[in-house]
Amino acid sequence: MCSLEKRGRLFILKLTGDGEHRLNPTLLDSLRSTINQIRPDPSSSQSVLITTSDGKFFSNGYDLALAETNPSLSVLMDSKLRSLVADLISLPMPTIAAVTGHASAAGCILAMSHDYVLMRRDRGFLYMSELDIELKVPAWFMALIRVKIGSPAARRDVMLTAAKVTAEMGVEMGIVDSAYDSAAETVEAAVRLGEEIIQRGGDGHVYGKMRETLLREVLVHTIGEDESGSSVMRNTGSKL
């Protein structure tokens with residue numbers, strides 16, 4: 001499932017085990033519960049969250065095999081991931097994804113929901129697979145893609161050609177901040193970056209509010225907010 005380690009002012013969240021880390025309701029609940037354990041910690045507003053994983057996958061997306069057994073589970077998984085992403089956006093600290101394996105579809109969205117994305121170059125890719133598997137992309141996925149991928153050409157390649165983006169390609173596209181030669185080096189670099197951020201200082205609560213403003217378009221589709229920041233009910237139109 002997942003584990004949480006506190007190392008000084010670094011919180012290291014790891015998806016554990018050698019599986020694909022498919023985002024089923026149980027794993028999504030575990031991730032959200034673990035993240036929300038961080039909020040009441042007295043040091044949270046002076047800390048950094050690093051998310052990483054064991055094995056060859058960061059996350060291979062939604063558990064589509066499970067969803068085939070019950071169509072209502074597709075809606076449930078989408079709702080739970082939206083809530084998880086909203087939690088990450090509102091978390092009172094910077095966040096870093098140390099992507100040490102494949103991050104596909106919803107797993108790619110999870111990685112890009114962090115403020116920084118570091119990735120290993122020797123294995124793995126970011127891959128929005130929906131075009132290849134003939135599934136419609138939810139509106140809120142697209143909102144995040146628009147915010148996180150600045151180049152129209154890069155957005156086209158990611159969404160409309162289903163490009164399998166390696167670490168070096170991701171750096172060129174502006175999706176990945178930096179690339180490293182192995183999983184261990186990627187995590188070590190994330191720890192160094194986290195420590196550098198902590199050394200800069202700053203109030204995590206202020207940081208979190210600024211991030212919410214920056215990613216307002218995403219929040220509109222995840223928790224439902226109008227332009228004034230008031231909560232509203234919205235239909236995401238998701239079919240995943």
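1. Arginine 22 counts as partly exposed at 29% relative accessibility; the class covers values between buried (under 20% relative accessible area) and exposed (over 50%), computed with a 1.4 Å probe on protein chains only. The side chain of arginine 22 forms a salt bridge with that of glutamate 20, at 3.0 Å from N to O. A salt bridge here is a side-chain nitrogen of Lys or Arg within 4 Å of a carboxyl oxygen of Asp or Glu. Glutamate 20 is also partly exposed, at 33% relative accessibility.

2. This is a predicted model, in which local features need pLDDT of at least 70 and side-chain atom pairs count only at pLDDT 80 or more, while totals for chains, interfaces and linings use all residues. Residues are numbered from 1 along each chain as its sequence is written, and side-chain values use heavy atoms, with hydrogens and water left out.

3. On confidence: pLDDT, the predictor's confidence in each residue from 0 to 100, averages 91 over the chain, and 92% of the residues score at least 70. Over residues 225-240 the pLDDT is below 50, and this stretch has 35 contacts in the model beyond near neighbours in sequence. Contact means heavy atoms within 4.5 Å.

4. Histidine 21 sits in the loop between strand 2 (10-15) and helix 1 (25-38). Helices (H or I, at least four residues) and strands (E, at least two) are DSSP runs numbered from the N terminus. With a relative accessible area of 7%, histidine 21 is buried. Its side chain reaches the backbone oxygen of glycine 17 at 3.4 Å, a polar contact (N or O atoms within 3.5 Å; within protein, one must be able to donate a hydrogen and the other to accept it, and residues adjacent in sequence count only if both atoms are side-chain atoms). Leaving aside neighbours within four places in sequence, the contacts of histidine 21 include Leu27, Asp54, Phe57, Phe58 and Asn60.

5. The whole structure holds 14 salt bridges. Arginine 121 takes part in one with glutamate 168, at 3.3 Å from N to O. Arginine 121 lies in the loop between strand 7 (116-120) and strand 8 (126-127) and glutamate 168 in helix 8 (residues 167-173), so this pair ties together parts that are 47 residues apart in sequence. The side chain of arginine 121 also meets that of aspartate 181 in a salt bridge, at 2.7 Å from N to O. Aspartate 181 is in the loop between strand 10 (178-180) and helix 9 (183-200), so the pair it makes with arginine 121 ties together parts that are 60 residues apart in sequence. Relative accessibility is 37% for arginine 121, 46% for glutamate 168 and 44% for aspartate 181.

6. Helix 6 (residues 139-148) has as its buried residues Trp140, Phe141, Ala143, Leu144 and Ile145. Their cover includes helix 3 (72-90), helix 4 (106-112), helix 5 (130-133), helix 7 (152-160) and helix 11 (216-222).

7. Isoleucine 133 belongs to helix 5 and is partly exposed, with a relative accessible area of 42%. Leu64, Ile133 and Leu135 make a nonpolar surface patch of about 210 Å². Patches are made of residues with over 30% relative accessible area and no salt bridge, with like charges joined within 9 Å and nonpolar side chains (Val, Leu, Ile, Met, Phe, Trp, Tyr) within 5 Å; accessible areas come from the Shrake-Rupley method with a 1.4 Å probe, and for residues only the protein chains shown count as cover.
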